[in-house]
Amino acid sequence: MSVVDDVTDTPGWPVLRRWPRESAARAVLITLLVCTICSALIATVVSVLQPYREQNRALERTQRIRELVAGVPGLEDLVGPLGSARLEPRVVDLASGSYVEGVDPALLDARAAARDPASSIALPPGRDLAGIGRRANLATVFEVFENGELRLLVLPVHGAGYVSTLYGYLALDADLDTVRGLSFHEHGETPGLGSEIENPRWREQWSGKRLRDPSGELRIEVARGRAPASGEDAAHQVDGITGATRTGIGVTRLLRFWVGPDGFGPFLERLRRERGEP
Ligand SMILES: Cc1cc2nc3c(=O)[nH]c(=O)nc-3n(C[C@H](O)[C@H](O)[C@H](O)COP(=O)(O)O)c2cc1C
């Protein structure tokens with residue numbers, strides 16, 4: 001068969017007929033055409049699937065957050081049913097008060113970090129109000145948003161009680177000063193005495209208490225005995241627990257430590273500054 005016949009017989013676009021079946025130019029052209037068509041197809045598929053991928057990522061993230069919340073004892077208790085609210089775990093660098101990106105909150109082990117000198121600081125006795133010896137550099141906080149506005153800020157807190165370390169969460173109102181709740185999920189205090197920090201009747205006294213007085217002084221406190229019903233202290237104090245004065249002192253100290261300069265103080269200040277508050 002002649003080359004001319006071969007070319008004439010070639011099916012397809014007229015442009016392909018210009019080259020004989022075995023020519024290199026024809027092979028390159030066909031390869032280019034196939035590649036272009038395939039890339040266009042792939043690009044179309046990718047762009048069509050993009051919204052689904054984003055939706056899946058968002059679902060995956062919500063699921064991970066749900067698992068994280070369910071895995072944090074006491075947190076669901078404080079935050080309550082989320083309804084339309086959105087709960088966002090964030091990792092915070094305590095020294096600077098800034099958010100840390102690129103660290104998965106679910107993988108951050110604050111207790112292990114606090115034991116490791118590479119990821120924690122030693123607290124000299126004068127600064128160690130909570131009696132914890134070392135403080136991890138990073139901490140996971142939980143922010144609850146509703147309609148895009150911060151509704152609740154949940155901070156992990158811990159410190160020495162009477163015979164054990166008390167681990168809990170402090171929930172603050174969006175004003176970053178009014179307590180919305182305090183829960184302890186782990187401790188080894190004496191049942192019936194120090195363990196009364198878990199008693200819902202004692203716990204419910206915290207809601208509405210203010211961390212600071214109008215001059216900015218840190219006043220939050222477990223009273224010795226009954227908290228006053230009126231007067232300046234009433235806004236900051238809850239009842240002491242009978243027979244567990246030392247546990248109460250531990251709670252006061254750990255709260256003041258964690259909202260103070262070596263705890264979440266720089267973070268709270270940064271949030272206030274960003275809102276334009278002094
Ligand atoms: C067996 C035993 C267990 C105790 N457990 C606690 C406790 O969990 N928390 C606490 O503050 N005090 C506890 N105490 C009491 C403290 O020794 C201390 O007397 C108490 O904190 C003083 O509180 P009060 O002034 O309210 O009596 C315990 C005492 C005993 C004998």
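Arginine 226 is exposed, with 70% relative accessible area, where exposed denotes over 50%, buried under 20% and partly exposed the range in between (1.4 Å probe, protein chains only). The structure is a predicted model, in which local features need pLDDT of at least 70 and side-chain atom pairs count only at pLDDT 80 or more, whereas totals for chains, interfaces and linings use all residues. Residues are numbered from 1 along each chain as its sequence is written, and side-chain values use heavy atoms, with hydrogens and water left out.

The side chain of arginine 226 meets that of aspartate 239 in a salt bridge of 3.1 Å, N to O, a salt bridge being a side-chain nitrogen of Lys or Arg within 4 Å of a carboxyl oxygen of Asp or Glu. Because arginine 226 lies in the loop between β8 (221-222) and β9 (237-238), and aspartate 239 in the loop between β9 and α7, the pair ties together parts that are 13 residues apart in sequence; helices (H or I, at least four residues) and strands (E, at least two) are DSSP runs, numbered from the N terminus. Aspartate 239 itself is buried, at 18% relative accessible area. Salt bridges that share partners also join Asp213, Arg219, Glu232 and Asp233 into one network. Within it, the closest N and O atoms of aspartate 213 and arginine 219 are 3.0 Å apart, and aspartate 213 is buried at 11%, as is arginine 219 at 15%. In the whole structure, 14 salt bridges are found.

An open sheet is formed by 5 strands in the order β1-β4-β5-β6-β7, with antiparallel pairing, two strands being paired if DSSP finds at least two bridges between them. Since β1 (86-93) and β7 each have a single partner strand, they stand at the edges, and one side of each is left without a neighbour in the sheet. From one strand to the next the twist averages 25°. The antiparallel strands β4 and β5 are joined by 5 bridges, and glutamate 143 stands opposite leucine 153 in β5. Two helices pack on this sheet: α7 touches β5, β6 and β7, its direction making about 125° with that of β5, while α8 touches β1, β4, β5 and β6 and makes about 165° with the direction of β5. These angles run from 0 to 180 degrees between N-to-C directions, with axes taken as lines fitted to C-alpha atoms, for helices over the stretch in contact.

Beyond its neighbours within four places in sequence, tryptophan 206 is in contact (heavy atoms within 4.5 Å) with Val179, Leu182, Ile220, Glu221, Val222, Val238, Val251 and Leu255.
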